[in-house]
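Good morning, and thanks for coming.

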Amino acid sequence: MTQHTLTIGTRGSPLALAQAHMVAAALEKVHGWPTGSVVIMPVKTSGDRLQDRPLAEVGGKALWTKELDLTLLAGETDCSVHSMKDVESERPETLVIAAMLERADVRDRLIGAGSIGDLPEGAVVGTSSPRRSAQVRRLRPDIRTTSIRGNVDTRLAKQASGDIDATLLAAAGLDRLGRREVGAAVEVSDLLPAPAQGAIGIECRASDAMTAALLKAIDHRDTHLAVLAERAFCRALGGTCHSPVAAYAQVEGNQINFGCEILSVDGRHRIAEAAHFAVGDLESPASLAQAMLERAPPEIRRLFEGQ
Ligand SMILES: NCc1[nH]cc(CCC(=O)O)c1CC(=O)O
C-alpha cells in the first residue's frame, strides 16, 4: 500500500487541477518522494456552483476559498492550492500561505485580434474582470465590454462562436492548460496585470509546522515577496479583487519595483503610480494605496468604499 505523504485540496476546474498537479510534482521532486505520494482532492467551491451567475450578484467574497478553507481546517486536507489572484487579501488567521511557485507569464492575452489597437471600431470584448474592462475602455473608448463567465474553455468557445468579438485571459492560465498558441500577449505597459496574477500559492493550517516546513522547500522567494507587496496594496485599498485595480511588483535584489493603478469602471479616470520599496516592506505599498485613494476622483473612490 502506498504511504500517502500529503493531501492537497483544490478546486476542480481544469486549470485548478493542472496547478495542483504542478505543486504535487514539485513536492515529490524536491523531497524525493515516489510519484503519487501527494494526493489531489478536488473540492467544489461556491464560485464553481454559481458559475452561470454574475460575480457581483453572488457576492464576490471568499467565493473560491471558503470550502477549501473548511476542508483544510477540518483536517481532511493538509494544504490548499490557489491561484493567488483569486485569494482575498484578508485571510483567516488560522491559515498561512506557506509557499508560492515561481510566477509564470503575468500578461493577459487577447483572443480575437492581434492587439487592442487592431480591434474593429465598436467591437465587443467579453470579460468579467472589472480591471480588464476598465483598462480596455481607457485605451479604446469606442469598445463595449460585456460580462462573461465560465472556465477558460467556455470563454474561448464564446469568442469562437462569435458571441463576442474578443476576450482577454491570463497567459499563465492558457499556458498551464497547454494553450500556448492561443491569443496575443498584451504588454504590461498596456494592461497592467491583476495583483498576484500568474502566481500559485499553497496554504496550510497555521498550527501545522510540519506541513509548512515541507511546503517551504518549494517556495520561490522573489515571487512570494512580490505577491506579498501586491496583496498589501490591495488590502489597503479595501478592494476585493473585483475592483478595477492592477499591481505588479518585480524583485531586483533587495528592492521591489512596483507599478499599480486604480480606475473608474468606464476607464475614464485612472490613478497610476510607480514606486520602489525594500523587499519585505509591506507598509509602503499600503500607504501608497491610501495616498492614491485620497487623490482619486469620486468615480474611483466610491468603488473602494464600504467593502
Ligand atoms: N479569475 C480566474 C483566474 N484565476 C487565475 C487565472 C489564471 C492563472 C493565474 O493568473 O495565475 C484565471 C483565469 C484568467 O484570468 O484568465
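Let me start with helix H10, residues 283-295, which lies across S12 and S13 and runs at about 160° to S13. Helices here are DSSP runs of H or I with at least four residues, strands are runs of E with at least two, and both are numbered from the N terminus. For the angles, axes are lines fitted to C-alpha atoms, for helices over the stretch in contact, and the values run from 0 to 180 degrees between N-to-C directions. Two residues are in contact if their C-beta atoms, placed from the backbone, lie within 7 Å.

Before going on, a caution: this is a predicted model, where local features need pLDDT of at least 70 and side-chain atom pairs count only at pLDDT 80 or more, while totals for chains, interfaces and linings use all residues. Residues are numbered from 1 along each chain as its sequence is written.

Now the sheet under that helix. Which strands form it, and in what order? It is an open sheet of three strands, S11-S12-S13, with antiparallel pairing; two strands pair if DSSP finds at least two bridges between them. Strand S11 (245-252) and strand S13 (270-278) are at the edges with a single partner strand each, so one side of each has no neighbour in the sheet. From one strand to the next, the twist averages 10°. S11 and strand S12, residues 255-263, are joined in the antiparallel sense over eight bridges, and Gln250 stands opposite Asn257 in S12. H9 also packs on this sheet, touching S11, S12 and S13, and its direction makes about 150° with that of S11.

Next, the other sheet. This one is open too, with five strands in the order S2-S1-S3-S10-S4 and mixed pairing. Its edge strands, each pairing on one side only, are strand S2 (38-42) and strand S4 (95-100). Here the twist averages 30° from one strand to the next. Strand S1, residues 6-10, pairs with S2 in the parallel sense over five bridges, and Gly9 stands opposite Met41 in S2. H1 lies across S1, S2, strand S3 (79-83) and strand S10 (200-205), at about 165° to S2.

Ala18 is in helix H1, residues 14-31. The cut-offs are 20 or more other C-beta atoms within 10 Å for buried, 12 or fewer for exposed, and partly exposed in between, with C-beta atoms placed from the backbone. Leaving out residues up to four places away in sequence, Ala18 touches Arg176 and Leu177.

Helix H5, residues 130-139, is mostly covered, with eight of its ten residues buried. Those buried residues include Arg131, Arg132 and Arg137.

Finally, the ligand. Its shell includes Ser83, Lys85, Asp86 and Gln197, where near means a C-beta atom, placed from the backbone, within 6 Å. Strand S8 (166-170) and helix H7 (171-176) are the elements that give two or more residues to the shell. By type, the shell divides into four nonpolar, four polar and two charged residues. In that count Ala, Val, Leu, Ile, Met, Phe, Trp, Tyr, Cys and Pro are nonpolar, Asp, Glu, Lys and Arg are charged, and the others, Gly among them, are polar. That is where I will stop.
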